[in-house]
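Please open the model in your viewer and keep the selection panel at hand.

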Amino acid sequence: MIILKSAREIKLMQEAGKILASCHKEIKKIIRPGISTQKIDSFVENYLSKWGATPEQKGYQGYPYATCASTNDEICHGFPHSTPLKDGDIVTIDMVVNLNGFLADSAWTYAVGTISDDSKHLLKVTEEALYRGIAQAQIGNRLGDIGHSIQSHVEAEGFSVVRDFTGHGIGKKMHEEPAVLHYGKPNKGIALKEGMVITIEPMVNVGSWHCKIDKNGWTARTIDGKRSAQYEHTLAITSNGPLILTDQENL
Ligand code: MF3
Ligand code: CO
């Protein structure tokens with residue numbers, strides 16, 4: 001069942017989203033060669049608690065950390081660890097913020113120091129794919145329009161879209177219906193309605209879209225060892241078009 005949200009509920013989710021977005025902007029300032037993802041994870045937990053918010057991922061189905069920190073060939077659900085990030089790495093920091101019981105979810109891939117032109121291209125295309133998907137999140141469009149707009153852009157640039165993980169509805173729970181696929185066909189799937197709140201979070205691989213899961217039972221990485229990036233926003237479907245609740249602009 002898809003839970004439609006009232007204007008009031010969307011506002012409350014946006015409050016959580018603003019804290020999340022400003023936290024990403026702070027991460028951007030501190031990320032550099034030498035810092036560990038463990039440091040970033042504790043920074044996030046402290047930052048959220050300063051604003052009266054909590055990291056929803058911590059303890060979710062036994063997940064042990066406030067953030068997911070996925071470097072280079074890790075696609076998602078990477079564990080923060082103490083090894084310092086190196087110049088040229090890319091790292092995706094993903095978090096779900098709970099403020100007064102309302103959630104927001106956003107992931108961002110960061111360049112550590114100076115990255116290769118190929119990695120720059122990957123980050124650019126993945127971010128563009130997210131915004132192309134968001135542009136399709138309009139009343140009357142269908143989920144397939146979102147997936148298709150993402151897939152066609154990514155594949156035209158020579159990259160691949162991960163199939164094993166999807167966006168999702170979100171509200172007071174992290175994962176609600178519907179599943180939001182990042183691939184698909186125009187005019188297929190359920191119709192988008194006012195009050196739906198979803199995430200769009202394409203994971204884009206340089207090589208094959210296939211993944212394998214680490215022994216920790218969580219971390220997904222590419223089977224060919226090539227890099228993967230991800231950008232994610234939480235957004236509401238409104239009569240004025242998509243409203244990005246985790247927008248890092250206009251904070
Ligand atoms: N925030 C991610 C998502 O889009 C991943 C959550 S998995 C967790 O669903 F267990 F770590 F919380
Ligand atoms: Co998500």
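## Around the ligand

Begin by selecting ligand 1 in this predicted model, and display the 14 residues around it, of which Gln57, Asp94, Asp105, His175 and Glu201 come nearest. Next, pick out the side chain of Asp94, where an N or O atom is 3.0 Å from a nitrogen atom of ligand 1. Moving on to Asp105, you will find that an N or O atom in its side chain is 3.0 Å from an oxygen atom of ligand 1.

## Helices α1 and α2

Now select residues 7-30, which form helix α1, together with residues 37-50, which form helix α2; the axes of these two helices come within 11 Å and cross at roughly 140°. The angle is therefore one that makes α1 oblique to α2, and the crossing of the pair is right-handed. To see what makes the contact, show the side chains of Ile19, Ser22, Cys23, Glu26, Ile27 and Ile30 on α1, and those of Ile40, Phe43, Val44, Tyr47 and Leu48 on α2. Coloured by class, this contact of α1 with α2 has nine nonpolar residues, one polar residue and one charged residue.

## Helices α3 and α4

For the next stop, select helix α3 (residues 117-135) and helix α4 (residues 143-156), whose axes come within 8 Å and cross at roughly 155°. Because angles over 145 degrees count as roughly antiparallel, α3 and α4 are described in that way relative to each other. In passing α4, α3 makes a right-handed crossing. On the α3 side, display Val125, Glu128, Ala129, Arg132 and Gly133, which meet Ile146, Ser149, Ile150, His153 and Val154 of α4. By class, the contact of α3 with α4 comprises five nonpolar, three polar and two charged residues.

## The loop at Gly207

Finally, select Gly207, which lies in the loop between strand β10 (203-205) and strand β11 (211-213). Which residues is Gly207 in contact with, once its neighbours within four places in sequence are left aside? They are Ser160, Asp224 and Lys226.

Conventions. Residues are numbered from 1 along each chain as its sequence is written. Chains are lettered from A and ligands numbered from 1 in the order in which they are written. This is a predicted model: local features need pLDDT of at least 70, side-chain atom pairs count only at pLDDT 80 or more; totals for chains, interfaces and linings use all residues. Side-chain values use heavy atoms; hydrogens and water are left out. Axes are lines fitted to C-alpha atoms, for helices over the stretch in contact, and angles run from 0 to 180 degrees between N-to-C directions. Helices (H or I, at least four residues) and strands (E, at least two) are DSSP runs, numbered from the N terminus. Angles under 35 degrees count as roughly parallel, over 145 as roughly antiparallel, 65 to 115 as roughly perpendicular and the rest as oblique. A crossing is left-handed if the near helix is turned anticlockwise from the far one by less than a right angle, and right-handed if clockwise. Contact means heavy atoms within 4.5 Å. Ala, Val, Leu, Ile, Met, Phe, Trp, Tyr, Cys and Pro count as nonpolar, Asp, Glu, Lys and Arg as charged, and the others, Gly among them, as polar. A residue is near a molecule or strand if one of its heavy atoms lies within 4 Å of it. A polar contact is a pair of N or O atoms within 3.5 Å; within protein, one must be able to donate a hydrogen and the other to accept it, and residues adjacent in sequence count only if both atoms are side-chain atoms.
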